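Biologist: I have a chain to go through with you. Let us take it in short questions.

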Amino acid sequence: SYSYIAEINRKMEILKNIALGLPETASFTPEKIREVYESILSALSVLGKTETYFLVIVEARSGTVEKSFSSGKKECPSIDYVPLLRRAELIVREGDYLVIRSPRRVKGRAAFVLLRKRNGDIEDPEIFKALAAQALFLATLERERLATNSTE
């Protein structure tokens, strides 16, 4: 039971660091954005207990990938995101991957977490939904900030 408590505490620490690391609009620098994305990716690795994972931001109507992050130099598997966006389930299996979608869309976009899990499921799927939502929030802030800077 001690190892279970330690694991839960570690998960809470990781999520807290990501939430507290989200930049305020005033301090929204490219370095800070990169730092927060790296925190999310690190959390995917640790919490997903896998070395192969991806974070993908998708335009919801077309399913076009707008932004993608991967573990190492691995290439993201080709997935048709449009049907996944229409499904009620937020977690589905696609081949060797568990695909977890952000609970909501923001400004016509959604985020997906892909974890290579050949056998079994993940222990705490809500954490991955939260990480996808954080990444979507960050991508939306980044996009709006870039649009604001280009019009100034």
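Predicted model: local features only at pLDDT ≥ 70, side-chain atom pairs only at ≥ 80, totals over all residues.

Biologist: What pattern does the chain follow along the sequence?

Modeller: The chain has four helices and five strands. Read along the sequence, they give α-α-β-β-α-β-β-β-α.

Biologist: What span should helix α2 have, and how far apart are its end C-alpha atoms?

Modeller: Helix α2 covers residues 30-48, which is 19 residues. At 1.5 Å a residue, the helix should span 27 Å. The distance between its end C-alpha atoms agrees: 27 Å.

Biologist: Where do the buried residues of α2 sit around the axis?

Modeller: The buried residues are Ile33, Val36, Tyr37, Ile40, Leu41, Ala43, Leu44, Leu47 and Gly48. They cover an arc of only 155° around the axis, so they lie on the same side of α2.

Biologist: Which residue follows α2, and what is its phi?

Modeller: The helix gives way to Lys49. Its phi is positive, near 50°.

Biologist: Is Arg86 buried or exposed?

Modeller: Arg86 lies in helix α3, residues 81-86. Its relative accessibility is 69%, and exposed means over 50%. Therefore Arg86 counts as exposed.

Biologist: How far apart in space are Arg86 and Ala60?

Modeller: In sequence, 26 residues separate Arg86 and Ala60. In space, C-alpha to C-alpha, Arg86 and Ala60 are apart by 9.6 Å.

Terms used. Residues numbered from 1 in each chain as written. Heavy atoms only, no water. Helix = DSSP H or I, 4+ residues; strand = E, 2+ residues; numbered from the N terminus. Expected span 1.5 Å × (residues − 1). Buried < 20%, exposed > 50% of the residue type's maximum accessible area, 1.4 Å probe, protein only. Arc of directions from axis to C-beta.
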